[in-house]
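I set out to record what I looked up in this structure, entry by entry. The model is shown here before the notes.

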Amino acid sequence: MNQLIYSDFAQSCLQDLIDLQDEFKSEYDIEWYENWFYNQSTGLLTFSTGEEEINFKYLSVGTFSRQTNTWKWSWDNENTLPTIKEEIITVKDFGYQSEFSKLTDGYFESSEEEAWEFTAITAKLTNSIGVYRPISEHLLVFMVLLEFVDKETAQNIKDKYIKCGTHEYGRRAFICNHLNTRAKAGFEESFETYENMELEEDDDFQAWCDKCEQVRQKEGGWNDNSMAFADIRLVCESCYFEIKELNLGYK
Ligand SMILES: [Zn+2]
Ligand SMILES: [Zn+2]
């Protein structure tokens, strides 16, 4: 069997990336948009001008530091959320199979040229439609774009996340108005939950206090009366689990 040589493979991926990116730019005129924004929680990269916007599902490949001339794969980065790095494991696995240590070492001295090689390889192995490389201070952030997301789908995804006053942007959760992080009030849930769990499309974190549970039982379920009593409000996932811990000490 012929051993795949890293430099040959990287070069062919870079060539393919040039074509891919040309296609991407002709299909989606991203340079027309004035603003860009990416959100690790939703996994969406958004370009916008006023009301006009275009969204893509993205993966974080890694970052190159111009300060230290080092490359860090996203899977090696604690600050990168699982949503945007899990699929990068494909590249690492491929690296092990092919014995390409640059694809399996998490953090090492490197160059911008190499960073592009890693991104081109990732684009190839994840069937990406394009790449994007924003700059954040001294860091070059390399991402691959998996697919275009239409406006309605993007809005549905974004609606599932909120930014509370205390925590980072997180998934939304619904609680009754009697629950808070200060005093115990009991904690009933619509289903058993744990932090960072995956939720089905139609599921949300929902919890209510003991008093609400009494009313709910008396009313025979959630109806106008029990809903009015609960006076549901929106918090973030982190708030939700702080309140759960306070009430149930589940940890
Ligand atoms: Zn309540
Ligand atoms: Zn919160």
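**Conventions.** I worked from a predicted model, in which local features need pLDDT of at least 70, side-chain atom pairs count only at pLDDT 80 or more, and totals for chains, interfaces and linings use all residues. Residues are numbered from 1 along each chain as its sequence is written, chains are lettered from A and ligands numbered from 1 in the order in which they are written, and side-chain values use heavy atoms, with hydrogens and water left out.

**Zinc ion (ligand 1).** I looked up the donors (N, O and S atoms within 2.8 Å of the metal, or 3.2 Å for Na, K and Ca). I found Cys176 (SG), His178 (ND1), Cys209 (SG) and Cys212 (SG) coordinating the zinc ion (ligand 1) at 2.1 to 2.3 Å. The angles among the 4 donor atoms are 100 to 115 degrees, and the site is tetrahedral (four donors with all angles between 85 and 135 degrees). The donor spacing in sequence is C-x1-H-x30-C-x2-C. Cysteine 176 lies in the loop between β10 (170–175) and β11 (188–189) and cysteine 212 in helix α5 (residues 210–219), so the pair ties together parts 36 residues apart in sequence. Helices (H or I, at least four residues) and strands (E, at least two) are DSSP runs, numbered from the N terminus. I noted that cysteine 176 and cysteine 212 are both buried (under 20% relative accessible area, with a 1.4 Å probe and protein chains only).

**Zinc ion (ligand 2).** Here the protein donors are Cys164 (SG), His167 (ND1), Cys236 (SG) and Cys239 (SG), 2.1 to 2.3 Å from the zinc ion (ligand 2). Angles of 97 to 120 degrees make this site tetrahedral. The spacing along the chain reads C-x2-H-x68-C-x2-C. Cysteine 164, in the loop between β9 (161–162) and β10, and cysteine 239, in helix α7, are 75 residues apart. Cysteine 164 counts as buried because its relative accessibility is 16%. For cysteine 239, also buried, the relative accessible area is 12%.

**Helix α7.** Buried residues of α7 include Tyr240, Phe241 and Ile243. Glycine 249 follows α7 with a positive phi, near 50 degrees.

Notes:
Four donors count as tetrahedral if all angles lie between 85 and 135 degrees; four count as square planar and six as octahedral if opposite donors are over 155 degrees apart and all others between 65 and 115; anything else is irregular. Buried means under 20% relative accessible area, exposed over 50%, partly exposed in between (1.4 Å probe, protein chains only).
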